[in-house]
Amino acid sequence: MEAMTIRRKIRSYLEAMPHTPKACVQSFGCQLNFCDGEKYKGVLQDLGYQLTDIPEEADVILLNACAVRAHAESRIWGRIGSLKPIWEKNPNVIIGLCGCMAEEQEVRTLLRKSYPFVKLVLGSGAMESLPDHLLALFEGESHREAVEFGRLPDESLPTVRDSRFQASVPVMYGCNNFCTYCIVPYVRGRERSRTPNAIEAEVRELVASGYKEILLLGQNVNSYGKDLSEPMDFPDLLRRLDTIPGEYVIRFMSSHPKDATRELIDVMLASNHIEWHLHLPVQSGSNRVLQEMNRPYTIEQYLNLIAYARKQAPLFSFSSDLIVGFPTETEEDFQKTLDLIETVRYDNLYTFIYSPRPGTKAAALPQISTPETISERMQRLLAKQRELTEAYNARFLGKTCKVLVERQNEAGLLFGKNREGLHVELTGDAALIGKMVAVRIDGVKNWALQGTLESE
Ligand code: SF4
């Protein structure tokens, strides 16, 4: 059936409802999943639903869930269970699970068996077929499932942005790397890049509509473009986007160290809009553990790139992800991780205790450390990072930074990020939210900078 016909039929079902039809989309997990959530909202709004954050008042509830962490996934099961009373009160409600969690065969089997009130299961590659399945449910089917692996989403899907000044723009989907602890390549498929024209058009439109922060997303943005019919690389894409006139900052994540190059650093440093911050997930400071993780780079190569950036721009900032307690990690390996953070001096670290992800190679490895040892290592890592970050961030003292103000807390303090991606706290009016302001840095508190507003 044609898309227009499906839409018309759904609208007539919605118009026949005795109340305003509402839809609630709740996203979990990574930024890419939140970005998909904005598209689900766009499609539902386009069909005629009013969006709501309250599941109890919705006619369609979509949980857009992530499969990456086993822990997070188990919380989603609790969330799904908590929706059952809504269905018991209103059997017409359409409850759906989407996102990469829906790509897992075992998840779909369990839903069919034990969660009959979940009527719709939609993998992240099947997003554009949402209207199709809604119509089938309206027409009396009791359950719909769709999983399409390895496709690019339709460029024409509408989007409802969660923010009026920060926007996420996926540049590629999927991953080819098969790190031994990670499920992403199995649930998101192989790498496929959007065309540079589509990305540029989206960024131009966002900047023209007043968006101040554009976050380019991909599981490994540094391998962007390899699959295009006219191959181009990520630095080329950045160069092209940087020519778009306006006042905005381009951030991006994630970068795999094996694909991050000096050219990337050169483009960032020469640009007008690209942040001077690279999130470069290293995962471990030990070459032996990196090999077991199937992360094909060495700590020496990693440090070389950091030294190259820092030599040219001492303020340039780095952040990273680190896994503590990989199954074969020894005390000696962990010590290398501590040495690494001491050498690099990250501005921010995202630390995770290893948790086995069923279906991955690492999940079959025997854990050689006790939970107590792993937790004690994590405490040592955090303590070390706290001590290093505060001292290192003092390099900003006395400097003036351009800060995009993002939010205000209940005490009236404003929070934003500078071009180097560091969190900045300042006092000021809520009217500054969404604006770029000049801030003089006069203090450092843990991982955040404290500043005073100079001018708008
Ligand atoms: S690069 Fe590794 S950790 Fe990142 S998504 Fe791909 S497989 Fe997972």
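The following legends describe close-up views of a predicted model. Local features require a pLDDT of at least 70 and side-chain atom pairs count only at pLDDT 80 or more, whereas totals for chains, interfaces and linings use all residues. Residues are numbered from 1 along each chain as its sequence is written, and side-chain values use heavy atoms, with hydrogens and water left out.

**View A. The sheet with strand order 7-10-11.** Three strands form this open sheet, and their pairing is parallel. Strands (E, at least two residues) and helices (H or I, at least four residues) are DSSP runs, numbered from the N terminus; two strands pair if DSSP finds at least two bridges between them. Strand 7 (166-170) and strand 11 (249-253) each have a single partner strand, so one side of each is left without a neighbour in the sheet. On average, neighbouring strands are turned by 25 degrees against each other, direction ignored. Strand 7 pairs with strand 10 (residues 213-217) in the parallel sense over five bridges, and the bridge partner of Val 169 is Leu 216 in strand 10. Helix 2 (residues 31-47) packs on the sheet and touches strand 7, strand 10 and strand 11, its direction making about 100 degrees with that of strand 7. Helix 8 lies across strand 7 and strand 10 and runs at about 175 degrees to strand 7.

**View B. Helix 8 against helix 9.** Helix 8 (residues 196-208) packs with helix 9 (residues 234-242) at an angle of about 35 degrees, and the axes are 10 Å apart. Axes are lines fitted to C-alpha atoms, for helices over the stretch in contact, and angles run from 0 to 180 degrees between N-to-C directions. Pro 196, Asn 197, Ile 199, Glu 200 and Val 203 of helix 8 meet Leu 237, Arg 240 and Leu 241 of helix 9; contact means heavy atoms within 4.5 Å. Five of the contact residues are nonpolar, one is polar and two are charged. Here Ala, Val, Leu, Ile, Met, Phe, Trp, Tyr, Cys and Pro count as nonpolar, Asp, Glu, Lys and Arg as charged, and the others, Gly among them, as polar.

**View C. Helix 10 against helix 12.** The angle between helix 10 (residues 262-270) and helix 12 (residues 299-312) is about 25 degrees, with axes 10 Å apart. That makes helix 10 roughly parallel to helix 12, a term that applies to angles under 35 degrees. Helix 10 contributes Arg 262, Ile 265, Asp 266 and Leu 269 to the contact, and helix 12 contributes Asn 304, Leu 305, Tyr 308, Ala 309 and Gln 312. These residues divide into five nonpolar, two polar and two charged.

**View D. The surroundings of the ligand.** Cys 175, Asn 177, Phe 178, Cys 179, Tyr 181, Cys 182, Val 184, Pro 185, Gln 219, His 256 and Arg 295 surround the ligand, each with a heavy atom within 4 Å of it. Seven residues of this shell are nonpolar, three are polar and one is charged.

**View E. The hairpin of strand 16 and strand 17.** Strand 16 (residues 413-418) pairs with strand 17 (residues 423-427) in the antiparallel sense over five bridges. Lys 417 has His 423 in strand 17 as its bridge partner. Four residues lie between the two strands of the hairpin, and Gly 421 in the turn has a positive phi of about 80 degrees.

Terms used:
Parallel < 35°, antiparallel > 145°, perpendicular 65-115°, else oblique.
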